[in-house]
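Here are my notes on the model you sent. Please read them alongside the coordinates.

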Amino acid sequence: MISSKNDDIAAIATAHGIGSICIIRLSGSTALQSALKLTKISNLSPRLATLTKIYSLDKEFLDEAIMIYFKAPASFTGEDVVEFHTHGGFVVADMILNELVKLGVRLAEPGEFSKRAFLNDKLDLAKAEAIQGLINSRSEAAAKILARQMRGDLSRYVEQMRNELVKTLAFVETSIDYADDDLPDDLLEQIKAMLEANATKLDKIVQISEQRRGLIDGFKVAIVGKPNVGKSSILNSLLSYERAIISDEAGTTRDRIEENFKVGTHLVRIIDTAGIRKNAGKIEEIGIRYSLAAIEEADIVLAVFDSSSASDEQDERIVELVKNSGKKVFFILNKSDLAFKFDLDLSPSIKISAKKGADEIVGRLRDYLDSQDSSEMMLSSNHQIKQCKDASVAIKRALNLLGDELELFAYEINTAIAAIAAITRPFERSEILDEMFSHFCLGK
């Protein structure tokens, strides 16, 4: 346990504001004793909701609330935890917290309950990140992915790879320190196959996670095209309000405009950009650079063209630009209510009149986003992606050293283990000793 007798912590566990229920969480070695001092009852049965009156230390009635006691170690933090389920609002909860502070309870720092849960082996870093992500999730897909991480899918994935790498390191360090002991003849081939498989698995999960990052953070959609093709009109239609200024004058949009909206169950951040063209003015050129950057960072590109005009060199440049971007591209032929004159083959394309709405675009976006598979395990943060990349690079360096420089090989495997372990729990050298002695009966 990490707390001491005088190190109980408390905080409001529900969002601040007016509501029917407010939960105050109290955790620590003397949490139960402190909580009971605010009541007229002598004990609480673990995991049983008890309706009782709450009093101040001066015996003044504060509220009638439900109290629930979670006895250590069967609690979120691994310590004794008591929850007060009071009536909602600011005042009552603050009054109870003030009484707990008078008893020597300390107000918890941000994230301190989760930190204690981690230090008491009640959850690992992957689950802690999943909890935070689930709280902030902005789409159903994100919630489902993070719920699987809370269930332990990512932790099991990491633990399996970590154990394989530890076993590999144990084999190698045994061969270095106990060269006279018999080891399997095909040991190096076994190690090589294991490492190649692990590097492949890491590269795959990184690739999947980067491609589908929009399922967690929200998909970025960039609207691009030459000036005066109706990009801002499409933005306004998608948002259902006049967000961007609309004018027949080319180059009206010079700055980048960003807004969030929902497409089905998915959060989308849409970016309207300046028209891409040659011979733009100085300020407009800055806006065009923003447009090119938006294509680079977007998950999806809406390339907009004026179907009532013949194509020109600027249109051809935009088509080449978006096709070479490697992003999912939807070609939008706007102004379809006018005579059709556009002569580039952009099939399949979406023909609309932004003045009449953008329902066709929304429908196609929704179909595409719904097709993105959220059932396959993926990483949910830049930290997790970086650690997997670092582990893969270290494993590949180790493969080049296998059979020649075992000491350097062992160093790289240590690096890989430390990288992958940082997703869940820090690596400890004792794990190597446990593996060595459990398999090799050394030191007879």
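1. Terms for the sheet. Two strands pair if DSSP finds at least two bridges between them. Helices (H or I, at least four residues) and strands (E, at least two) are DSSP runs, numbered from the N terminus.

2. Ground rules. This is a predicted model, where local features need pLDDT of at least 70, side-chain atom pairs count only at pLDDT 80 or more, and totals for chains, interfaces and linings use all residues. Residues are numbered from 1 along each chain as its sequence is written, and side-chain values use heavy atoms, with hydrogens and water left out.

3. Overall. The chain has 15 helices and 12 strands. It runs to 444 residues, and 48% of them count as buried (under 20% relative accessible area, with exposed over 50% and partly exposed in between; 1.4 Å probe, protein chains only). Take contacts (heavy atoms within 4.5 Å) with a separation of 6 or more: residues 24 or more positions apart account for 66% of them.

4. The open sheet. Six strands line up as β3-β4-β5-β2-β1-β6, with mixed pairing. β3 (50-55) and β6 (106-107) are the edges; each has a single partner strand, so one side of each lacks a neighbour in the sheet. Strands of a sheet pair through backbone hydrogen bonds, either parallel or antiparallel.

5. One pair in detail. β1 (residues 9-12) and β2 (residues 21-27) are antiparallel, over four bridges. A10 sits opposite L26 in β2. Helix α3 (residues 112-119) packs on the sheet and touches β1, β2 and β6. Its direction makes about 135° with that of β1 (axes are lines fitted to C-alpha atoms, for helices over the stretch in contact; angles run from 0 to 180 degrees between N-to-C directions).

6. Helix α13. This helix covers residues 382-401. G403 follows α13 with a positive phi, near 90°.

7. Q384. Leaving aside neighbours within four places in sequence, Q384 contacts A126, E129, Q149, L154, L379 and I423.

8. Cysteines. How many disulfides are there? The count is zero, taking a disulfide as a pair of cysteine sulfur atoms within 2.5 Å. C22 is buried at 5% relative accessibility. C388 is buried too, with a relative accessible area of 1%.
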